[in-house]
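I wanted to go through the salt bridges in this one and jot down who pairs with whom. Here is what I was looking at.

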Amino acid sequence: MVESSDEVQHGLQDVVALESRICFIDGKEGRLIYEGYDIRDLAARSTFEEVAYLLWYGRLPTTDQLAVLRHRLSQLRELPPSLAARIDSVPETATPMDVLRTAVSELALFEPEETRPGPSSIGGAQRLTAVLPSILAQFHRRRARLPRLEPRPDLSHAAYLLYALVNRVPTELEERALDVALILHADHELNASTFAARVTASTLSDLYSAVTSAVGTLKGPLHGGANERVMELLDEIGTADRVEEVVRAKLARHERIMGFGHRVYKVEDPRATILREWSRKIGEAKGDLRYYELLLKVEGVVHREKGLYPNVDLYSGSVYSHMGIPHDLFTPVFAASRVAGWTAHVLEEYQDLRLIRPMAKYIGPTDLPYVPIANRA
Ligand code: SDX
């Protein structure tokens with residue numbers, strides 16, 4: 001039994017659980033680094049495919065290596081017909097994150113382990129990264145009465161994702177905005193969903209099971225689901241003159257304001273800084289700065305009242321909304337990016353395998369006498 005003197009770290013806060021080369025977060029300085037590269041450099045100069053390559057291989061690709069990866073991802077987008085049919089059988093009212101979690105799990109049935117790339121191979125990571133937009137499209141196009149998805153190997157990952165969801169090839173600005181958002185969401189050290197994936201992989205379970213664990217974890221509103229709820233908050237606020245009243249009332253009721261606070265960042269999340277600018281750019285291009293301006297005002301009230309800073313989820317929804325992505329697909333879009341990080345961490349876990357198994361501090365009774373059921377009150 002754990003010694004009662006052992007202090008419990010609720011939520012494993014500040015617990016360093018393992019060593020990793022993939023991602024570094026400096027919560028005090030507000031810095032985020034993937035494999036040595038500052039997120040600001042990657043967001044300004046890279047593409048999602050380049051960053052996925054960096055996460056999987058530990059180095060940036062050459063021009064040829066990137067071309068090979070882009071081609072391979074474009075070839076791995078197709079759904080097995082039986083999975084497409086399975087997705088067509090679910091209710092149109094199903095929650096997209098439930099559809100995604102189920103489809104990733106079922107994909108494993110149509111791609112038996114012996115046919116899948118081995119645990120240490122990056123092929124499975126590429127397959128899952130390539131196919132997630134197609135899974136989302138299979139479900140959403142049916143409920144939105146959009147035409148069936150056509151293969152578009154000519155499109156980049158970001159452009160394909162938007163085309164898959166809204167049946168429209170993005171403008172250059174939209175493609176770049178979504179590509180940057182995918183870069184920003186690709187990894188974030190041992191966040192809850194990545195930790196769930198690593199715990200699964202640490203038992204030597206397979207990559208598809210680990211990603212299924214991660215999708216189920218990301219769905220939670222304290223983690224991935226916040227960006228959808230930020231838009232619900234903006235819809236509730238409506239106009240700028242109501243920001244103060246609505247936000248302060250929520251805070252007075254000790255409600256969490258979605259898109260604010262972070263377990264690690266104690267200053268502004270560097271991803272929020274970049275997404276705030278993209279929210280302005282996209283809003284300007286669409287001639288509609290309403291979301292952007294409301295969010296700035298919400299930021300001001302939350303910081304003044306609680307000293308909290310925005311996190312990655314505050315502005316991402318306004319960027320996606322301007323592209324016509326439905327609110328309930330925002331967290332699935334987060335997953336379509338984070339699958340690169342999840343799979344990178346799973347591959348790293350396989351390389352340095354150590355069963356992840358913390359302990360609990362037992363606070364229940366001990367040595368109770370067993371009472372036969374006939375004698376129980
Ligand atoms: C993501 O871990 C990652 O890296 C995650 C992520 C990633 O890329 O994977 O960055 C993505 O999950 C971003 C976070 C998205 N979630 C939200 O925006 C939901 C709202 N945020 C909070 O629920 C909260 O800030 C957390 C969950 C993100 C972090 O919570 P902690 O570290 O457990 O902090 P806490 O709950 O102990 O709060 C500390 C204090 C409390 O005040 P007191 O009760 O002590 O007075 O801050 C308050 C909290 O009430 N607080 C908030 C708040 N966040 C913290 N008050 C109002 N609104 C908030 N959002």
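Which residue forms a salt bridge with E349, and how far apart are the closest N and O atoms? I looked it up in the model, which is a predicted one: the partner is R198, and the closest N and O atoms sit 2.7 Å apart. E349 belongs to helix α16 (residues 330-351) and R198 to helix α9 (residues 192-201), so this pair ties together parts that lie 151 residues apart in sequence. I checked burial too, and both E349 and R198 come out buried.

Next entry: E111. I found its side chain in a salt bridge with R127, at 2.7 Å from N to O. E111 is in the loop between α5 (96-110) and α6, while R127 is in helix α6, 16 residues apart. E111 is buried, and R127 is buried as well.

Then I turned to R142. Its salt bridge goes to D88, with 3.8 Å between the closest N and O atoms. That still counts, because the cut-off is 4 Å. R142 sits in helix α6 (residues 123-143) and D88 in helix α4 (residues 81-88), so I noted a link between distant parts of the chain, 54 residues apart.

Definitions and conventions
Residues numbered from 1 in each chain as written. Predicted model: local features only at pLDDT ≥ 70, side-chain atom pairs only at ≥ 80, totals over all residues. Heavy atoms only, no water. Helix = DSSP H or I, 4+ residues; strand = E, 2+ residues; numbered from the N terminus. Buried < 20%, exposed > 50% of the residue type's maximum accessible area, 1.4 Å probe, protein only.
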